[in-house]
Structures are given as C-alpha cells and as structure tokens.
Amino acid sequence: MTFPVDTWYVACTPDEIADKPLGRRICGEPIAFYRGPEGRVAAVEDWCPHRGAPLSLGYVDKGKLVCGYHGLEMGCDGKTVHMPGQRVRGFPAIRTYPVVERHGFIWVWPGDPALADSSLIPELQWANNPEWAYGGGLYHIACDYRLMIDNLMDLTHETYVHSTSIGQKEIDETPCTTRTEGDTVITSRFMDGIEAPPFWKMALRANGLPEDQPVDRWQICRFTPPSHVIIEVGVALAGRGGYDAPREAKASSTVVDFITPETTTSIWYFWGMARNFKPEDEALTASIREGQGKIFAEDLEMLERQQKNLLQWPGRSLLKLNIDTGGVQARRVIDRLIAAEQGTSVALAAN
Ligand code: FES
Ligand SMILES: [Fe+2]
C-alpha cells in the first residue's frame with residue numbers, strides 16, 4: 001500500500017450526505033456514508049450482505065440505511081436490522097468505519113478501528129471562528145496523492161501553470177528553504193519588493209489597499225501526515241514587515257488542501273481558502289472560491305497527464321532537484337508511517 005490507513009482522512013463535506021447516502025471509495029475501500037440515528041454520521045462498507053449491491057444506491061429511513069435493491073435495512077453497526085419477509089439474524093455483518101463530523105468536514109479512519117482516536121483530528125484555526133471565513137470545493141483527480149503533495153510543496157510551478165493569476169517570474173528566481181519538524185515539513189519562500197500578480201491585486205483591492213505599489217510576498221507550505229498541506233500566503237505593502245506586517249498593511253490567507261487517496265492513482269482533493277480579513281463579506285468569499293477553483297483546475301490536467309506518463313514508463317527515474325525537497329521530505333514521513341503500520345523498519349521499506 002502506498003498510503004497510511006491508521007489515520008483520519010477527509011471523506012466528504014456535510015452537504016454531500018444531506019439528503020441521501022454517499023458512496024465513496026477511500027484508500028481503496030468502497031464506503032457508504034450517511035446520517036444514522038439522531039443525524040449522527042455513519043460509515044459502513046458499501047456492500048449489501050444480500051446480493052452485494054452498493055448500499056449507497058439506497059436511501060435512509062429513520063436512521064437506517066435501506067438497500068435500494070430488495071429493501072434490506074442496515075444498522076450503523078454493520079448488522080442487518082430487517083429485510084421484508086426474511087429472518088435476518090444469521091446474516092453476516094459488514095465492516096463499519098470510525099467516522100467523525102468536525103470543523104465542517106466528515107473524517108474517516110480507514111484502518112484499524114481500535115486505533116481510531118478523534119483527538120488526532122487536526123485543529124483548524126479558522127473553523128467555528130467568526131474572525132475567519134472559509135470557502136472551498138472538491139475535485140476528483142486521477143493521480144497518486146503524492147503527486148499532489150509534490151505539487152503543493154513546491155510552488156515554483158505557479159510561474160508556469162498559473163501564469164495569469166498567481167504566477168510570476170520572481171517565484172522561480174527566489175530560492176525556497178525546506179525544514180522538517182518532527183512529522184511536519186515546511187517549505188517557505190519570501191519575495192520582497194515585487195509587483196503583486198493579478199490574484200493578489202484583487203485581494204489588496206478587496207482589503208482596501210493600493211494595488212499599484214511594490215509588495216513583499218510570502219508562501220509558507222506545511223505538510224502534516226497523512227496528506228494535509230496548509231499554505232500561508234499573502235502580500236504586504238513593501239517594507240512594512242512582510243509576513244509580520246500589521247494587518248492593515250497586508251492581504252493574507254491560508255490555502256487549505258486535504259488530499260484523500262481514492263485508489264493508488266486517484267484522489268479526492270478538498271481545496272479551500274481561509275482568510276481573516278472581511279470575514280463577513282460573502283460575495284468576496286464566493287469570488288475567491290471561484291478564482292481558486294479556476295487556478296486549481298489548472299493543476300488537474302498537468303497531474304493527470306503526469307500520472308499517465310509515470311504509469312506508461314514506470315521504470316524511468318525522476319530527478320530530485322532542490323525545488324523538490326519539500327515533496328521528498330514529505331514522502332519520507334509517509335514511508336516511515338506506512339512502515340510503522342506494517343511493523344517493519346524504514347530500512348526494509350526502502351528496499
Ligand atoms: S442486494 Fe440489497 S437487499 Fe438485495
Ligand atoms: Fe498549482
């Protein structure tokens with residue numbers, strides 16, 4: 001397996017299970033997500049014990065998941081509750097998955113349920129905080145989740161892939177630095193006295209700041225396992241302290257990326273942006289979301305085509321340049337976690 005499974009992944013957002021079950025494959029496991037008794041979120045194998053139909057094609061009735069084929073009623077403990085005209089006591093149980101609704105997302109633990117500890121779900125500074133606003137979306141992308149981590153831990157690609165919005169030549173002219181703190185990998189780049197690219201001009205304008213003056217720009221990418229990349233980005237009027245500039249001299253935000261493997265070569269990519277300026281401005285949230293959605297769609301084609309190339313020529317070696325250090329370090333952390341789950345040493349996993 002190329003991904004850790006004894007960990008929490010974002011499975012979906014609450015709106016996706018508002019009125020019907022959702023079938024979604026996570027780490028290779030087909031899972032049906034739905035709201036069980038008292039509206040609590042539940043996750044069971046997407047497999048009806050009767051004839052193997054996907055339970056997610058059914059519906060929810062009074063907290064029970066009803067198979068859409070012949071009406072079997074499944075409980076959130078994986079045991080059949082009822083089936084018209086049948087005695088169900090001997091029906092085999094199906095697998096259930098630990099699942100928690102928190103911070104505006106539904107989190108699932110695809111591995112050993114005995115190890116699931118909800119205190120391991122990351123704290124999100126912006127969730128349930130009136131000083132922050134959040135907008136985001138979901139893309140399905142046919143690539144290994146680690147290719148997306150590489151993409152986000154090295155923003156040099158912005159100059160080329162996102163040339164009309166956030167890209168600018170100063171990005172690849174400015175070296176980035178990478179450091180590791182425990183399981184966290186941090187890549188940062190600071191560009192001083194530059195012209196803001198179009199996206200940031202828009203953000204400066206929205207924040208009541210001039211857009212025609214030089215700015216200091218920063219990008220600080222943080223990877224934490226299994227596959228979260230949170231990126232602090234922003235611009236400040238030049239010479240006001242950059243990242244540490246007072247709030248009234250800058251426009252900044254947090255790019256949020258939760259990358260959930262669907263299979264070894266496809267992902268559910270939950271992207272978003274959290275900001276702590278003008279949090280009440282819903283029109284601004286919508287326009288940032290639209291802009292970010294377009295920017296992230298530009299990565300999609302590149303990643304899917306890269307994955308196709310890698311599948312076609314699996315034996316070809318890839319270069320590891322200094323701009324790739326963040327992704328390389330993140331993979332080291334991931335390899336260590338997978339080896340620990342499998343009870344083997346990292347040295348063995350590397351061979
Ligand atoms: S397959 Fe589900 S009730 Fe028959
Ligand atoms: Fe990108």
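How much space lies in the second largest pocket? About 530 Å³ lies there. Before I go on, let me state the basis: this is a predicted model, in which local features need pLDDT of at least 70 and side-chain atom pairs count only at pLDDT 80 or more, while totals for chains, interfaces and linings use all residues. Residues are numbered from 1 along each chain as its sequence is written, and side-chain values use heavy atoms, leaving out hydrogens and water.

A pocket here is an open set of points on a 1 Å grid over the protein atoms alone, where a 1.4 Å probe fits, with protein on both sides within 12 Å along at least five of seven lines; lining residues have an atom within 4 Å of a point. Volume is the space filled by probe spheres set on the points, which are joined across faces, edges and corners.

The second largest pocket has 26 lining residues, and Gln-125, Trp-132, Glu-232, Ser-253 and Thr-254 lie nearest its centre. Strand 16 (250–263) gives the most to this lining, with six residues. Strands are DSSP runs of E, at least two residues, and helices are runs of H or I, at least four, numbered from the N terminus. By class, this lining has twelve nonpolar, eight polar and six charged residues; Ala, Val, Leu, Ile, Met, Phe, Trp, Tyr, Cys and Pro count as nonpolar, Asp, Glu, Lys and Arg as charged, and the others, Gly among them, as polar.

I turn to the largest pocket, which holds about 1100 Å³ of space. Of its 30 lining residues, Leu-147, Asp-150, Gln-306, Leu-310 and Leu-318 are the closest to its centre. Helix 5 contributes the most to the lining, with eight residues.

Finally, Lys-278 sits in the loop between strand 17 (266–275) and helix 5 (282–312). Lys-278 is partly exposed, because its relative accessible area is 33%.

Key
Chains lettered and ligands numbered in written order. Buried < 20%, exposed > 50% of the residue type's maximum accessible area, 1.4 Å probe, protein only.
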